[in-house]
Amino acid sequence: MTDTVLHPGLVLILGALLLPALRGWLRAVAVVALPLAVLGLVWLVPDGAVWQLRFLDYTLTPLQGDKLARLFATIFALMAAGGGLFALGQKSRVEVPAAFVYAGAAIGVALAGDLVTVFAFLELMAVASTLVLWSQGDAASYRAARRYLMVHLLGGVVLFAGITGHVVQTGEVAFTRMAPDSVAHWLILIGFLVNAGAPPLSAWLPDAYPEASWSGTVFLSAFTTKTAVYVLIRGFPGTELLIWVGLFMIFYGIVYALLENDMRRILAYSIVNQVGFMIVGIGIGTEMALNGAAAHAFTHIIYKALLLMSAGSVLLMTNRRKCSELGGLFHTMPLTTVCGTIGALAISSFPLTSGFISKSMVSQAAADGHLLWVWLGLTAASAGVFLHAGIKFPWFVFFQRDSGLRPAEPPASMRWAMLFFAFLCVAMGVWAEPLYALLPYTVNYVPYTGAHVLTQLQLLLFSGLAFFVMLPWLKRTLTITLDTDWLWRRAAPALWQGALRAYAGVRGGVARPMQALVKGVLDAVERTYGQEGRLARTWATRSMALWVMVLLLGYLTLYYV
Amino acid sequence: MSHTPPTLVPPFPPPSHWLDDPRHVKLLWRGFLAVLAFTVLAELAVHLHPHFGIEGVFAFHAWFGFAACTAMIVLAKGLALLLKRPDNYYGRRDD
């Protein structure tokens, strides 16, 4: 065991626990400096197993470095810094420390060399993210947090069963490549996919994330699903099923986001959509595809955080979250509008933004593998992303009709956080090499060719045309669209009520007659043996003597017979 | 650090931004359509090296993007017929 290398995740978690003791500018400095220090520590973790310890009969590796682990740990630390800056004005004293524990645990998963450590940090993430959600403080977020925790604990139980089975079967705890070839591995895969927001439990994500505070959703968007992408890249690359799961998530996200009215739920559905692209890449499983999935996770965390920061700014300054109540905000929130639009262009993979250099690698991998239908699906979905997030979000929030709202720009810390992430979106889009150098495999891909830029522009601009042509069909209404959370919010409670009613019926039909029977027996006993009962009555001495004589006579007779 | 409370100014001041003028919006539309036409015509000048046969069809990405988006909107509307509910279905944000 090497003592000289600190565990970046644990440093962030311990630092988070000390945060509540700080006040004023000292706290503000710590909130931004701590994740940046952790980022430095991530880069001090060398390749290979660094920490090892014996646990029961197994050798655990809680700290292990390689390129893939470092890539994800880097973006998690960067996200914690940007999110911390954005949340400096957050009044809740729980949210930021909880978010840092959450981020630290995500870094812990990225740097874990064995499945036990992965499991432990994943569960810590579930608890910490629930606290982030909870710290919002109103009844709706409390209930959403309970549902969120329920799904994640279920996923945790499935994962734990899978890991236990894997350890029993192989005698190994190391986190290496697996295939869905045994019940244990299927359970592990399912446990990972629950965290990724895959069907059928995907509704936990759009149900829970938009109920967090204006800054809480920014943190929530980053860690859980991307940690799932990371463990899938490491554990199940090239599992073909993932291609179809990913494609489903992509179109599910688009269709539900098109119908949604709540601006942050639109963005929550688009998280599922974007993670779908990554899952498809993992399913294709070539070096190009895995590079694409990893790069897309990296860029996605930044532009999704940026989008949710702009939405969070709107929520904080207007106290409104429905598209049908918003619009025209560009008049007084130009900076938020520009930053939100840059995020929207990046998620749509517009040339010169980060999405363009990452998502296209997944499409390229599909083309290289001659997977025509997958490629067509991804191309249609790229158009759909521009539709549901690239235009719909900024259009309905910042433009469309004038809602009459004239909110000011958000406070300086929030503006700087948005500018920082907007800068990263453009910088990575213009200069892709630094990100490509971080990817797990050597990158053999040039994003900026005349053909790629032109075809992408055709695709996106004609999607834009479709949006405006079909605008009457996209008018926002005060509605929600039922999702699978209906199963545990309506169907399951209804079943439970039904069961209770059935039980009451059974009680009426069977238990009442039983009670009547017991009561009848007890009454009979009472009548016979009670105070006035035949057998409890006080008898006269003479009749006693008579009966004793009868008994003795009977005995005498029996003795001689 | 603290943030300013939500600021709303009803009745709102008359819109006076460059974008509020319908003539400018019309100008933007014309510019947009010109750019659309340009991206399609530019295909004649740029070699596209398609991977699949269908990609070689003229302006594939343009019409495919438009058709895919239209199809997704129609699909979404169809799904809405089945699954749309008032937004207080689960109680007023308090379920």
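Q: Is Thr379(A) buried or exposed?
A: This is a predicted model. In it, Thr379(A) counts as buried, because 22 C-beta neighbours lie inside 10 Å and the cut-off for buried is 20 or more.

Q: Which helix is Thr379(A) in?
A: Thr379(A) sits in helix H15 of chain A, which covers residues 372-398.

Q: And what does Thr379(A) touch, leaving out residues up to four places away in sequence?
A: Ser363(A), Leu459(A) and Phe64(B).

Q: What separates the C-alpha atoms of Thr379(A) and Lys519(A)?
A: The separation is 75 Å, with the two residues 140 residues apart along the chain.

Q: Switching to domains. How is chain A divided?
A: Domain 1 takes 1-236, domain 2 takes 237-485 and domain 3 takes 492-560.

Q: How far apart are the C-alpha centres of domain 1 and domain 2 of chain A?
A: Those centres lie 23 Å apart. The contact takes 43 residues from domain 1 of chain A and 44 residues from domain 2 of chain A.

Q: On the domain 1 side of that contact, which elements give two or more residues?
A: In chain A they are helix H3 (67-86), helix H7 (183-196), helix H8 (204-208) and helix H9 (216-235). The largest share of that side comes from H3(A), with ten residues.

Q: What does the side of domain 1 that touches domain 2 have by class?
A: For chain A, that side of domain 1 has 28 nonpolar, ten polar and five charged residues.

Note on methods. Residues are numbered from 1 along each chain as its sequence is written. Chains are lettered from A and ligands numbered from 1 in the order in which they are written. This is a predicted model: local features need pLDDT of at least 70, side-chain atom pairs count only at pLDDT 80 or more; totals for chains, interfaces and linings use all residues. Domain bounds come from an automatic or database domain assignment. Two residues are in contact if their C-beta atoms, placed from the backbone, lie within 7 Å. Helices (H or I, at least four residues) and strands (E, at least two) are DSSP runs, numbered from the N terminus. Ala, Val, Leu, Ile, Met, Phe, Trp, Tyr, Cys and Pro count as nonpolar, Asp, Glu, Lys and Arg as charged, and the others, Gly among them, as polar. A residue is buried if 20 or more other C-beta atoms lie within 10 Å of its own, exposed if 12 or fewer, and partly exposed in between; C-beta atoms are placed from the backbone.
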